[in-house]
Amino acid sequence: MRLAKYLAQCGIGSRREACRLIEAGRITLNGHIARHTDPVRLGELLNCLDSIELDGAPITNAETLAYWIFNKAVGTDCRLLEQDETSLIHLLPKAPRLYPVGRLDKDSRGLLLLTNDGELTHKLMHPSFAHSKTYHVRLDRPFTDEFVEQMASGVQYKEVRTLPCQVTRLSAMSFEIALTQGLNRQIRRMSSALGYKVIDLQRVSLMTLTLESLAEGAMRPLTQQEVAVLKAAVTI
C-alpha cells in the first residue's frame, strides 16, 4: 500500500494532508525520512510490518473506518483547533478519530460528512471527481429571474469564473443551488458579485446523503447501506 493512503487510513487526515506531512519531512519509515513512493508492508489482518513515525511519535495500525453525518450549527468552526472553543473538535467523539470532508464556513450551517476514510475523502474533495453538494440560500432581498439565470450560467468575481450549476427558486428571497465546485465561500461571493448578500446558507445534501430529521448540532453514524450507496456513487 502507498504510504499516503496508509497514513490516511490511520486517521491522521486526508490523503492530501498525509502527502503534505511527507513533503515536510515529518514522516519517517523504518528510521529514514519517508518518500511518497515508499510502500508500506502489511501483514495478516492489515497489521503494519514497518515502523512509521510522525514527528518522532509512532503511528499505530489503521483504525476501523467510520462514517458519521453531522448537522453543523452556525458558529461552529470546522477547523480542528484545540485552542478554539468554537472548534468542531470539541464536539467530536474521542474515538474513532473523525475529520470533516471539506468545510462549511463558521456562519453557514448544515450537512457535514465526518470520517477517517482518507481514500473516500480524497475522492469527494478532489475537483476532478465533480461530486455534487446542494444548498438552500436566503438573500437579504427579493431577487429576479435574471439573478437565477446568471447564477446558473456562471459568475465572474476576481480572477474566478464559476462553472455552470443548477439553481432553483424556492421563494422570493431564497433558492436552491447544486454545485460541483468547492471554491472558498463560493455561493456568498457569487451572490455578492451580483449585488446580493447571503443571510442564511444551509448545506442540505452531499451526493446521496441528506440531513432528513437530524437535529441541528446532532450527529449520527451512517448505516451500512448509506455507506455502500455513497461509495457506489463515488466510484461511478
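Begin by selecting strand S8 and strand S13 (residues 198–206): the two run antiparallel and are joined by seven bridges. Strands are DSSP runs (E, at least two residues) and helices are DSSP runs (H or I, at least four), numbered from the N terminus; two strands pair if DSSP finds at least two bridges between them. This is a predicted model, in which local features need pLDDT of at least 70, side-chain atom pairs count only at pLDDT 80 or more, and totals for chains, interfaces and linings use all residues. Residues are numbered from 1 along each chain as its sequence is written, and side-chain values use heavy atoms, with hydrogens and water left out.

Next, select His136, whose bridge partner in S13 is Gln202. Then display strand S12 (residues 174–179), which is antiparallel to S8 and joined to it by six bridges; here Thr134 has Ala178 as its bridge partner. Five of the seven residues of S8 (residues 133–139) are buried, so the strand is largely enclosed by the rest of the structure. Buried means under 20% relative accessible area, exposed over 50%, and partly exposed in between (1.4 Å probe, protein chains only).

Return to S13 and select Ser205, which counts as buried because its relative accessibility is 11%. Beyond its neighbours within four places in sequence, Ser205 is in contact (heavy atoms within 4.5 Å) with Leu111, Lys133, Thr134 and Thr210.

Finally, move to helix H3 (residues 118–125), where six of the eight residues are buried, so the helix is largely enclosed by the rest of the structure. Its buried residues pack against elements including helix H1 (3–9) and strand S7 (109–115).
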